[in-house]
Amino acid sequence: MRDAVIKEVEKLARNDKNVILISGDLGYGVLDNFRKQMPKQYFNVGVCEQNMASVAAGMALEGKKVYTYSIGNFPTLRCIEQIRNDICYHNANVTIIAVGGGFAYGSLGMSHHATEDIAIMRSLPNMRVFTPADASEAHLVAYQSAKLNAPCYIRLNKGGEPDIHSSYAAVESYGFGQAIPLREGEDVCLFSAGAITMEALKAAQALAMQKVEATVYSFPCVKPIDTEILHMCAKRYKYVFTIEEHNIIGGFGSAVSENIAEKGTATKVIRIGLPDIYSSIVGSQSYLRHAYQMDSQAIAKKVMETIKSDKN
C-alpha cells in the first residue's frame, strides 16, 4: 500500500519539479528511489514533525505540491497545531502520508498506535481524509488527492496487506469520495474504512455460512464521505455496521452515524472498533484486532448477536 502511494508521488515528481517529498527521518528503502532520482525534490528534516509540517506549508504557499511522510501518529498528532494553523488555515497544498494506521505498529506499543487520527484530521476545515483498503485503492487516492490542490491526509497500513481488488483497473473508474462496493447481500450492510476492510469481507463470508448475506462497501475516502451510498443503504437495511481500526469516538463510524442521523432514517448503526480507551496491550496487528474484537470472527459474532436480539 505505501509503495503504491510513493510510486504515484514519484510519477508526479518526474513530470513536475514543483512536487516535493519531505520525510521525518523515516522511509529508508521505501523512499530511496525517489531520493536518488530526484534529490532536489526530497528533504529529510529529521525527527522534527512540527517543523516538517510548517516547512511543508511554507513551500506550498510558494507554489509547491508537498508531501510529508512518517509513521502513523507522528505526522498527525505530534504536529496537529502546525497542521491546523499553517496547513489547513491557509488551505495549503500539502498531503500528509501516514504509514501504520491503527495497530500496524502494534508491537511498539501505545505510542505508535494511530487510533485517534481519523477523528482529529477530519475535524479540521479544508482537510480531506483518505483511508484506502489495499494497494489498488492507495493508487486511486494518491491520484485523486494530487488533483485537489488542497490539504489531504492519506492513512495507510504498514505494508504487506492482501489485495482486495484484482487490479487498479477494478477501482480507477470510481470518483473522488465514492465508496466502492465489494459484496452484495440482502440482510445487513457492512461499511469499512482502511486495511481492516479485509476483516469485513471475511466476516461476510462467515455470515453467509450462517445464512446471513451481507453487503460490504469500502470507503477509501472518509471526508468527504459518500452520502449517496449512506442514504441508499440506510433506506434499504435495518442494520448498518461500521468497521474501523480506530477509536469509535469521532472516527469513520461517527461520520456514518452523523450523516444517517441527519437523514432521519430508522436504520440502526453499530460501530465496531476500539472502545473509548487506549490500547495497553502489545502485540501484532492481527493479535490486537482479535484482542479488541474487531477481527472477522468478532464482526460476524456481533452481527449475529444483533440479529438474534432483535428477533427475541
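## Basis

Residues are numbered from 1 along each chain as its sequence is written, and side-chain values use heavy atoms, with hydrogens and water left out. In this predicted model, local features need pLDDT of at least 70 and side-chain atom pairs count only at pLDDT 80 or more, while totals for chains, interfaces and linings use all residues.

## Nonpolar cores

The largest nonpolar core holds 41 residues. Such a core is a set of buried Ala, Val, Leu, Ile, Met, Phe, Trp, Tyr and Cys residues joined through side-chain atoms within 4.5 Å; buried means under 20% relative accessible area, exposed over 50%, and partly exposed in between (1.4 Å probe, protein chains only). Ile 83, Met 127, Phe 191 and Phe 219 have the most contacts inside this core. Among the elements that give it two or more residues are β1 (19–23), α3 (49–61) and α4 (80–88); helices (H or I, at least four residues) and strands (E, at least two) are DSSP runs, numbered from the N terminus. The largest share, 6 residues, comes from α3.

Leaving aside neighbours within four places in sequence, Ile 83 is in contact (heavy atoms within 4.5 Å) with residues including Ala 53, Ile 96 and Met 127. Apart from this core lies another, of 31 residues, among them Ile 6 and Ile 154.

## The open sheet

An open sheet is formed by 5 strands in the order β7-β9-β8-β11-β12, with mixed pairing. Two strands pair if DSSP finds at least two bridges between them. β7 (180–183) and β12 (268–274) are the edge strands, each pairing on one side only.

β7 pairs with β9 (residues 214–218) in the antiparallel sense over 3 bridges. Ile 180 has Ser 218 in β9 as its bridge partner.

## Helix α6

Helix α6 (residues 135–146) has 12 residues, which at 1.5 Å a residue should span 16 Å; the expected span is 1.5 Å times one less than the number of residues. The end C-alpha atoms are 17 Å apart, which agrees. Of the 12 residues, 9 are buried, including Leu 140 and Val 141. The cover over the buried residues includes α1 (2–15), β3 (65–71) and β9.

At the N-terminal end, Asp 134 caps α6: a side-chain oxygen lies 3.3 Å from the backbone nitrogen of Ser 136.

## Asp 163

Asp 163 lies in the loop between β6 (152–156) and β7. Asp 163 is exposed, with a relative accessible area of 52%. Not counting residues up to four places away in sequence, Asp 163 touches Asp 134, Ala 135 and Met 198.

Note on methods
A polar contact is a pair of N or O atoms within 3.5 Å; within protein, one must be able to donate a hydrogen and the other to accept it, and residues adjacent in sequence count only if both atoms are side-chain atoms.
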